[in-house]
Amino acid sequence: MQFHHHGYVSQNPRVQAPAGIGLNRPEQLPEHMDVLIVGTGPAGMIAAAQLAQFPEVHTRIIEKRDGRLKVGQADGIQARSVETFNAFGFADEISNEAYHITEMAFWKPNPEEPENIVRTARPADDPHGISEFPHLIVNQARVLDYFAESMADSPSRMVPDYGWEFVDLTVHEQGEHPVEVTLRRAVGPEAGRQRTVWAKYVLGADGARSGVRAAIGRSLEGDKANHAWGVMDVLAQTDFPDIRRKCAIQSRSGGSILLIPREGGHLFRMYVDLGEVQPGEGAKVRQTTIEEIIGNANRIMHPYTVEVKHVAWHSVYEVGHRVTDKFDDVPAELTGERSPRVFIAGDACHTHSAKAGQGMNVSMQDGFNLAWKLGHVLEGRSPESLLSTYSAERQVIAQNLIDFDKEWSSLMAQKPEEMEDASALEDFYVKTIEFPAGFMTEYSPSAITAAAEHQELATGFPLGKRFKSELVCRVSDGNPLHLGHLATADGRWRIYAFADSPAAGEDSQLSSWARWLHEDPHSPVRRCTPTGSDEDTLFDIKVIYQQPHTEMEVNDAPRAFLPTVGPFGLTARDRVFGTHPERDIFTERGISRDGCVVVVRPDQYVAHVLPLSDTAGLADFFEPIFLDPTG
């Protein structure tokens, strides 16, 4: 973490100095704003937290409740989400309070006594070590709290505007703030009063019954629910030995349970099978009482018992798999001709069962994907065409989620005796572990993700997939660090230069590339960085040498990796790395010994891999992404 470069800091360095809108942020919801976010769920809050790092962008986030969420329905936090939390600065804190899933138990009818269940498998949660981050369980409300803290500590000093309900919107063809939004006061003495605000862009993150989605004429399409589940967060006395272990439990006749231990050591969640829903009986099933849910749970878990002492929360839901055809307001026939003004994210555009633990996680990646793009466009860094990539990228991911969840939900609802393979459920869990961990997302080639023409130069960094971190050693102080963990959610692009074999200070392809990057007017750094800004304003550029850090001096690195920052023009010496003595990143990530360049987007996905010799290719890639700041 870098601070002091603007002067001595004695308080919490995570509280950034106010800037832009944060210097005089209107306390009350104003009439005009750049971005209006509707809904303080996971998609809305991560979008707000990312936009809070763009202090020249005036963002407001509204919520019809009168305050923070107290009890959240989602709780599963995949490793990819923890990786994202790390970029926002709170992965360690939330991990410390969360329950860590390290293995999953599978229970089925005992062949000798089929009325009883017995443990049949206990695979590791991440048997292949696909991430160094943990799989967590923690209340959704706490996730939102951490994003709220990140927003409040940002240069924008953003806080939610509680007590405002979305009513409707109209997109006008002209005007600086073309989206007219009608809101209604939801709480307090003025409840029911309507008012109009105007925004440049609107994000609807307002859930499965999204008013924003309806206002732009989108609808959720897909399967109707045909299977019901009761879910409860409880404290209970039980003799079930795996009550503190994630479990999939299948009984012979009573249905299935997905058991999720919760944070704090005693609370646990159960998704309890309530059976198929017959046509027209949905309303009746939703009236299932907590006593009936508990009774079903005990029948499924026989011979074990669960004596519930306290119910923190419970609900009944029907499994449905639905997604919208687009995630913005541009008609299909005008795609590429008109820029979007209104977007939807999270449950507003995809719904599915809760048992795969994907809803909150995928929703957050929706918000992360869109927010940095809005920041780039509104600060004048990028053209409006950048915003069209949001729907194109995320709709495909949502459909992949629906397809995965259909198969998982079907297997969970199936009776063991109906399965052709007795181990089908656990086999599917192990085989597809990369998906629920959040690492199957792979964006197709687009304006911001290049084709895999040079993928052989860095086979461990697949184009379109998230940048998978690895250990390196920082030359300036010898600290072993995870390279990817140094990337913060600050809206900057990452450029990682992997050196060819000569050491620092020697002539090489790397030194020629670095000279071009720092000096040539066609380089993206020289062309795109606004005059008077820090040299690393838009790009975080790091170099990784093939030698151990003990075999070089940081000052031998090219000037491109030693930028000056802050009003005093101090040299940053934290961008130069050597290999780790036990995990050579060149070997671990399949990086060519001839060196290469890996470009990573602000949302941590690999955008390009190029040889060090292809400076023109790097310039061409960024040319349509960044506008010339001189006009």
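**Close-up views of a predicted model**

**Figure 1. Arginine 494, with a relative accessible area of 3%, is a buried residue.** Buried denotes under 20% relative accessible area, exposed over 50% and partly exposed in between, with a 1.4 Å probe and protein chains only. The model is predicted, so local features require pLDDT of at least 70 and side-chain atom pairs count only at pLDDT 80 or more, whereas totals for chains, interfaces and linings use all residues. Residues are numbered from 1 along each chain as its sequence is written, and side-chain values use heavy atoms, with hydrogens and water left out. Arginine 494 forms a salt bridge with aspartate 540, and the closest N and O atoms are 3.1 Å apart. The two residues connect distant parts of the chain: arginine 494 belongs to strand E23 (residues 493-498) and aspartate 540 to strand E24 (residues 539-548), 46 residues apart. Aspartate 540 is likewise classed as buried, because its relative accessibility is 2%. A salt bridge here is a side-chain nitrogen of Lys or Arg within 4 Å of a carboxyl oxygen of Asp or Glu. Helices (H or I, at least four residues) and strands (E, at least two) are DSSP runs numbered from the N terminus.

**Figure 2. A salt bridge joins the side chains of glutamate 97 and arginine 142, at 2.9 Å from N to O.** This pair also links distant parts of the chain, with glutamate 97 in helix H3 (residues 91-97) and arginine 142 in helix H4 (residues 140-152), 45 residues apart. Glutamate 97 counts as partly exposed because its relative accessibility is 27%. Arginine 142 falls in the partly exposed class at 28%. Side chains of opposite charge can pair when their charged atoms come close. Across the whole structure, the search finds 44 salt bridges.

**Figure 3. Glutamate 588 and arginine 583 meet through their side chains in a salt bridge of 3.1 Å, N to O.** Glutamate 588 is partly exposed, with a relative accessible area of 33%. Arginine 583 is partly exposed, its relative accessible area being 33%.

**Figure 4. Helix H1 (residues 42-51) packs on helix H8 (residues 359-378) at an angle of about 30°, with 7 Å between the axes.** The two helices are therefore roughly parallel. Angles under 35 degrees count as roughly parallel, over 145 as roughly antiparallel, 65 to 115 as roughly perpendicular and the rest as oblique. Axes are lines fitted to C-alpha atoms, for helices over the stretch in contact, and angles run from 0 to 180 degrees between N-to-C directions. The H1 and H8 crossing is right-handed; a crossing is left-handed if the near helix is turned anticlockwise from the far one by less than a right angle, and right-handed if clockwise. Residues of H1 in the contact include Ile46 and Leu51, and those of H8 include Phe368 and Trp372. Contact means heavy atoms within 4.5 Å.

**Figure 5. H1 also packs with H4, at an angle of about 20° and with axes 9 Å apart.** H1 is therefore roughly parallel to H4. The crossing of these helices is left-handed. The contact is formed by Pro42, Met45, Ile46, Ala48 and Ala49 on the H1 side and by Gln140, Leu144, Phe147, Ala148, Ser150 and Met151 on the H4 side. Of the 10 residues of H1, 10 are buried. The buried residues of H1 pack against strand E1 (32-38), E2, H2, H4, strand E11 (194-204) and H8.

**Figure 6. Helix H2 (residues 79-88) is mostly covered, with nine of its 10 residues buried.** Among the buried residues of H2 are Arg80, Glu83, Phe85 and Phe88. The cover over them includes H1, strand E3 (76-77), H3, strand E7 (135-137), H4 and H8. Glycine 89 follows H2 and has a positive phi, near 90°.

**Figure 7. Aspartate 75 lies in the loop between strand E2 (59-63) and E3.** Its relative accessible area is 7%, so aspartate 75 counts as buried. Apart from neighbours within four places in sequence, aspartate 75 is in contact with Leu136, Ile137, Val138, Ile260, Arg262, Arg269, Tyr271 and Met360.
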